[in-house]
Amino acid sequence: MSKKYDADWENALTVVQEVQPPFIPDGAHAMTVVISYPPGSAGAPPHRHPSGPAFGYMLEGEMLFELEGEPPRVIYPGEAFWEAGGDVIHYSDGNNRDDIPSRFVVTMLCVPGQPMLTLVDEEELETRKHLRVPAESDTPKPIDEG
């Protein structure tokens, strides 16, 4: 290849998400993971990212995404999502389809030595249920966790 760089490199960039996160911990540690769920998977149990934000991008399939204080919504391939971290509960990251797998990438930031993710127990879910926003009428219902 004779070129040192592509003269049209700036046109290769597409912004999929631009946010102002509430905080990034001093000396933050970052981890990027790819999460793959089979068709119909309910995904991870309710959890939070206690010490920093998480930024994601849907690679394939569909995710039913639900954060405390927001109605559930479906994330499609090519769409970005994020959560502030801290005290906010992430209720759902399940596969919204029962006929195809889903796959997404997430970069999480946190305080060194602290967990990237902590699970939320049933007792806390009960005490915070008033903070959960119901699904809008045109949003698919959450996958049965049974």
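Predicted model: local features only at pLDDT ≥ 70, side-chain atom pairs only at ≥ 80, totals over all residues.

Student: How many bridges join strand 1 to strand 8, and which way do they run?
Tutor: Nine bridges join them, and the two strands run antiparallel.

Student: What sheet are they in, and in what order do its strands come?
Tutor: An open sheet of four strands, ordered 1-8-3-6, with antiparallel pairing. Strand 1 and strand 6 are at the edges. Each has a single partner strand, so one side of each has no neighbour in the sheet.

Student: How much are neighbouring strands turned against each other?
Tutor: By 20° on average, with direction ignored.

Student: What share of the residues is buried?
Tutor: Buried residues make up 34% of the 146 in the protein.

Student: Ok, the core. Which residues of the largest nonpolar core touch the most other members?
Tutor: Met 63, Phe 65, Ile 75, Phe 81, Phe 104 and Val 106. That core has 13 residues.

Student: Which elements give two or more residues to this core?
Tutor: Strand 3 (54-60), strand 4 (63-67) and strand 8 (102-110). Strand 8 gives the largest share, four residues.

Student: Why would such side chains end up together?
Tutor: In soluble globular proteins, nonpolar side chains tend to be buried together.

Student: Strand 4, then. Is it mostly covered or exposed?
Tutor: Mostly covered: five of its five residues are buried. Met 63, Phe 65 and Leu 67 point one way from the strand. Leu 64 and Glu 66 point the other way, and they are buried too.

Student: Which strands does it pair with?
Tutor: Strand 4 is joined to strand 5 (residues 73-75) by three bridges. Five bridges join strand 4 to strand 7. Strands 4 and 5 run antiparallel, and so do strands 4 and 7.

Student: What stands opposite Met 63?
Tutor: In strand 5, Ile 75. In strand 7, Asn 95. Met 63 and Ile 75 were both on the list of core residues that touch the most other members.

Student: What about the hairpin of strand 4 and strand 5: how many residues are between the strands?
Tutor: Five. Gly 69 in that hairpin takes a positive phi near 90°.

Student: New topic: the largest pocket. How much space lies in it?
Tutor: About 150 Å³. There are 17 lining residues, and the closest to the pocket centre are Ile 35, His 47, His 49, Met 108 and Leu 117.

Student: Which strands supply at least two residues of the lining?
Tutor: Strand 1 (29-37), strand 6 (80-83), strand 7 (90-95) and strand 8. The largest share is from strand 1, with four residues.

Student: How does the lining divide into nonpolar, polar and charged?
Tutor: Twelve nonpolar, three polar and two charged.

Student: A few single residues now. Is Met 58 buried or exposed?
Tutor: Buried, at a relative accessible area of 0%. Met 58 is in strand 3. Leu 13 is 45 residues from Met 58 in sequence, and their C-alphas are 17 Å apart.

Student: And Glu 60, where does that lie?
Tutor: Also in strand 3. Glu 60 has a relative accessible area of 32%, so it counts as partly exposed.

Student: How far apart are Glu 60 and Ser 102?
Tutor: In sequence, 42 residues. In space, 5.3 Å from C-alpha to C-alpha.

Student: Last one: Thr 14. Where is it, and is it buried or exposed?
Tutor: Thr 14 lies in the segment before strand 1. Its relative accessibility is 62%, and the cut-off for exposed is over 50%, so Thr 14 counts as exposed.

Student: How far is Ser 41 from Thr 14?
Tutor: They are 27 residues apart in sequence and 30 Å apart in space, C-alpha to C-alpha.

How values were computed: Residues numbered from 1 in each chain as written. Heavy atoms only, no water. Core = buried A, V, L, I, M, F, W, Y, C linked by side-chain atoms within 4.5 Å. Buried < 20%, exposed > 50% of the residue type's maximum accessible area, 1.4 Å probe, protein only. 1 Å grid on protein atoms, 1.4 Å probe; cavity = no way out; pocket = protein on both sides within 12 Å on 5 of 7 lines; lining within 4 Å. Points joined across faces, edges and corners; volume = space filled by probe spheres on them. Nonpolar A, V, L, I, M, F, W, Y, C, P; charged D, E, K, R; others polar. Pairing = 2+ DSSP bridges. Axes fitted to C-alpha atoms, helices over the stretch in contact; angles between N-to-C directions.
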